[in-house]
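Student: I'm new to this one. Can we walk through it together, a piece at a time?

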Amino acid sequence: MALLKMKKDVLLTFVLLGIVALAIPTHVMSQNCNCAPNLCCSQFGFCGTGEEYCGQGCKGGPCTSSPNPSGPTPSGGGSVADIVTPAFFDGIKNQAGADCAGKSFYTRDAFLNAANSFSEFGSGSADDSKREIAAFFAHVTHETGHLCFVEEIEKSNAYCDQENTQYPCVAGKSYYGRGPMQITWNYNYGAAGQAIGFDGLNSPETVANDPVVSFKTALWFWMTNVHSVVNQGFGATIQKINGALECNGKQPNLVQARIGYYTDYCQKFGVSPGENLSC
């Protein structure tokens with residue numbers, strides 16, 4: 001009798017587990033935004049389909065809702081738009097000369113539009129978010145002369161790496177610096193275009209003609225090469241962006257200029273700049 005009762009108990013346990021398993025939606029995969037291409041990442045970080053995943057607050061995938069006009073929301077505080085206010089953005093641009101091409105090209109709306117495609121930008125705690133955004137704009141300010149330059153001044157170098165066969169140079173095209181992060185080289189234009197959705201190799205000039213694409217290339221470069229080291233200090237971001245030419249005492253004045261912008265923006269955001277500021 002005891003053996004029979006044990007078998008019944010075991011059978012009942014399996015039945016209950018089966019019911020519970022059926023009750024869990026099969027399209028819920030994880031709380032990470034690494035969903036399959038055909039699945040949406042919901043506002044709460046779950047993968048799935050349908051209105052609750054692809055509707056309001058959808059972070060990625062085939063979302064049916066309109067992009068968040070305020071840009072991505074850092075996990076520890078307000079949206080990127082709450083940090084990058086019109087006063088902050090225009091405060092940078094207004095320091096550029098009246099004849100600068102960037103005065104009419106770079107806009108806060110274009111930046112926020114581009115930022116919607118990079119939900120991990122400015123992620124982390126409220127302070128971490130502010131430091132990353134401060135670091136990003138510090139480099140943008142330095143690279144573009146306060147959002148003045150849309151293209152590199154010196155255009156004689158085509159920045160073509162002939163040995164890169166994955167993203168081969170197109171005859172007659174130059175891959176000199178363009179955009180807020182002054183993206184250069186055929187392999188960066190090719191990879192950025194593939195990720196963002198424009199023909200970076202055949203039409204690199206798009207970066208200087210479309211302000212949203214321009215900011216997207218800057219954010220693509222940042223998220224691909226810099227985002228992972230932000231928590232190591234601002235100096236690590238300098239190293240990633242132009243370390244070979246500036247760090248280790250090569251051009252200390254340029255390093256100090258970047259640091260100056262960063263500490264100024266941190267002060268504006270009301271956050272400490274952290275440690276390891278120099279490279």
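Student: Let's start with Arg-258. Buried or exposed?
Tutor: Buried. This is a predicted model, and in it Arg-258 has a relative accessible area of 1%. The cut-off for buried is under 20%, so Arg-258 falls in that class.

Student: Where is Arg-258 found?
Tutor: In helix 12, which covers residues 252-269.

Student: And which side chain does Arg-258 join in a polar contact?
Tutor: That of His-139. The contact is 3.0 Å.

Student: What else does Arg-258 touch, leaving out residues up to four places away in sequence?
Tutor: Quite a list. Among them are Ala-138, His-142 and Glu-143. Phe-234, Ile-238, Ile-241, Asn-242 and Glu-246 are on the list too, and so is His-139.

Student: How accessible is Gln-251?
Tutor: It has 31% relative accessibility, so Gln-251 counts as partly exposed.

Student: New topic: Arg-108. Where does it sit?
Tutor: In helix 6, residues 108-115.

Student: What about a salt bridge for Arg-108: present or absent?
Tutor: Absent, although Arg-108 is buried. The nearest side chain of opposite charge is Asp-109, 4.5 Å away.

Student: Then what does Arg-108 touch?
Tutor: Ala-81, Val-84, Thr-85, Pro-86 and Phe-89. That leaves out residues up to four places away in sequence.

Student: Let's move to the loop between helix 7 and helix 8. Where is Asn-164?
Tutor: In that loop, between helix 7 (126-144) and helix 8 (186-196). Asn-164 is buried, with a relative accessible area of 18%.

Student: Which residues is Asn-164 in contact with, beyond its neighbours within four places in sequence?
Tutor: Asn-186 and Tyr-187. Asn-164 and Tyr-187 are 23 residues apart in sequence, with 7.0 Å from C-alpha to C-alpha.

Student: What does the side chain of Asn-164 reach at 3.3 Å?
Tutor: The backbone nitrogen of Gln-166.

Student: Which residues have a positive phi without being a glycine?
Tutor: Tyr-159 is one of them, with a phi of about 50°. Asn-276 is another, at about 55°.

Student: Where are those two, and are they buried or exposed?
Tutor: Tyr-159 lies in the loop between helix 7 and helix 8. Tyr-159 is buried, with a relative accessible area of 17%. Asn-276 is in the segment after helix 12. Asn-276 is exposed, at 52% relative accessible area.

Student: Zoom out. How many helices and strands does the chain have?
Tutor: There are 12 helices and 2 strands.

Student: How much of the chain is buried?
Tutor: Of its 279 residues, 41% are buried. The chain exposes about 14400 Å², and carbon and sulfur atoms supply 54% of that.

Student: Last one. What is the mean pLDDT of the chain?
Tutor: The mean is 83, and 74% of the residues reach 70 or more. Over residues 66-71 pLDDT stays under 50, and the model has 11 contacts beyond four places in sequence there. Residues 73-77 are also below 50, with 14 contacts beyond near neighbours in sequence.

Conventions. Residues numbered from 1 in each chain as written. Predicted model: local features only at pLDDT ≥ 70, side-chain atom pairs only at ≥ 80, totals over all residues. Heavy atoms only, no water. Helix = DSSP H or I, 4+ residues; strand = E, 2+ residues; numbered from the N terminus. Buried < 20%, exposed > 50% of the residue type's maximum accessible area, 1.4 Å probe, protein only. Lys, Arg positive; Asp, Glu negative; His and termini not counted. Salt bridge = Lys/Arg side-chain N within 4 Å of Asp/Glu carboxyl O. Contact = heavy atoms within 4.5 Å. pLDDT = per-residue confidence, 0-100. Areas by Shrake-Rupley, 256 points an atom, 1.4 Å probe, with all protein chains shown as cover. Polar contact = N/O pair within 3.5 Å; in protein donor to acceptor, adjacent residues only side chain to side chain.
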